[in-house]
Amino acid sequence: MAAFGGEESDSLGAFKLRWERRLSDRTGLARAVLWNGQIVGSVIQFELFQKPAVAYWIGREFWGRGIATRALTALLRETPVRPLYARVAKDHLASQKVLENCGFKVSGEDRGFARFRGEEIEELIYQLR
Ligand SMILES: CC(C)(COP(=O)(O)OP(=O)(O)OC[C@H]1O[C@@H](n2cnc3c(N)ncnc32)[C@H](O)[C@@H]1OP(=O)(O)O)[C@@H](O)C(=O)NCCC(=O)NCCS
């Protein structure tokens, strides 16, 4: 489903390195998502193309329970940074729904190389004012 990013899925070493960088990045936020006391995913605020952006990842067995929407809502309460951006593949309807549930609106379109898809794809740029 996700098109962009993904270096951390190459190996456990790459995953740890990516997260060490995220956790020491004082310009952003990185939060574990807990569901009934269990870690089920992550939600982050980070710099993307020199703009503050958000991203989220929920374990497959926990999809469809509103967890990403609640996790992003919680992150948005924690960070005062606005506007915030997100980039989503045009065909990734679930992620678009999460952003729209949280008040993001489409502010533009772009094309970019999607590492997970191995090709350039169309993407939507979302903004939260
Ligand atoms: C995208 C992702 C975060 C969604 O997590 P989730 O916890 O299932 O999301 P939620 O349950 O909060 O909301 C999903 C919404 O999308 C809708 N949805 C799910 N699949 C859909 C589809 N194929 N078409 C349209 N809508 C869809 C759900 O009905 C729900 O809508 P609702 O809020 O009106 O009920 C999760 O699938 C994921 O982690 N995917 C892999 C990583 C990823 O893609 N991250 C985002 C990169 S941009």
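What share of the contacts between residues at least 6 apart in sequence join residues at least 24 apart? I looked that up to start: the share in this protein is 54%, with contact taken as heavy atoms within 4.5 Å.

**Ground rules**

I am working on a predicted model, where local features need pLDDT of at least 70, side-chain atom pairs count only at pLDDT 80 or more, and totals for chains, interfaces and linings use all residues. Residues are numbered from 1 along each chain as its sequence is written, and side-chain values use heavy atoms, with hydrogens and water left out.

**Overall layout**

I found 3 helices and 6 strands. My helices (H or I, at least four residues) and strands (E, at least two) are DSSP runs, numbered from the N terminus. Along the sequence I read the pattern α-β-β-β-α-β-α-β-β. The radius of gyration is 14 Å, close to the 14 Å that the globule rule gives for 129 residues, so I noted the protein as being as compact as a globular protein of that length. That radius is taken over C-alpha atoms, and the rule is 2.2 Å times the number of residues to the power 0.38. I also noted that the C-alpha trace spans about 35 × 30 × 30 Å along its principal axes.

**Surface and charge**

I got an accessible surface of about 8200 Å², with 53% of it belonging to carbon and sulfur atoms. Areas come from the Shrake-Rupley method with a 1.4 Å probe, and for residues only the protein chains shown count as cover. Buried residues make up 39% of the 129; I call a residue buried under 20% relative accessible area, exposed over 50%, and partly exposed in between (1.4 Å probe, protein chains only).

For charges, I looked up 20 positive and 16 negative ones, and their mean positions are 7 Å apart. Lys and Arg count as positive, Asp and Glu as negative, and His and the chain ends are not counted. Each charge is placed at NZ of Lys, CZ of Arg, CG of Asp or CD of Glu.

**The core**

Which residues have the most contacts inside the largest nonpolar core? I found V54, L72, L99 and F104, in a core of 24 residues. Strand 1 (29-35), strand 2 (38-48), strand 3 (51-58), helix 2 (67-78), strand 4 (84-89), helix 3 (93-101) and strand 6 (119-128) each give two or more residues to this core. Helix 2 supplies the largest share, 6 residues. By core I mean buried Ala, Val, Leu, Ile, Met, Phe, Trp, Tyr and Cys residues joined through side-chain atoms within 4.5 Å.

I then followed L72: not counting residues up to four places away in sequence, L72 touches V43, V54, Y56, V98, L99, C102 and F104.

V40 sits in strand 2 and is buried at 5% relative accessible area. Leaving aside neighbours within four places in sequence, I see V40 in contact with V33, W35, W57, I58, G59, F62 and I67. V40 and R60 are 20 residues apart in sequence, and I get 8.9 Å between their C-alpha atoms.

S42 is in strand 2 too, buried at 16%. With neighbours within four places left aside, the contacts of S42 are W19, R31, V33, A55, Y56 and W57.

Beyond four places in sequence, A3 contacts A89, A114, R115, F116, R117 and I121.

E122 lies in strand 6 and is partly exposed at 39%. I list A89, K90, D110 and R111 as what E122 touches, not counting residues up to four places away.

I found a cis peptide bond joining R82 and P83, with omega about -5°; P83 is in the loop between helix 2 and strand 4.

N36 has phi near 50°, a positive value in a residue other than glycine. I place N36 in the loop between strand 1 and strand 2, exposed at 75%. Phi of F49 is near 50°, again positive in a non-glycine residue. F49 is in the loop between strand 2 and strand 3, and I logged F49 as exposed at 55%.
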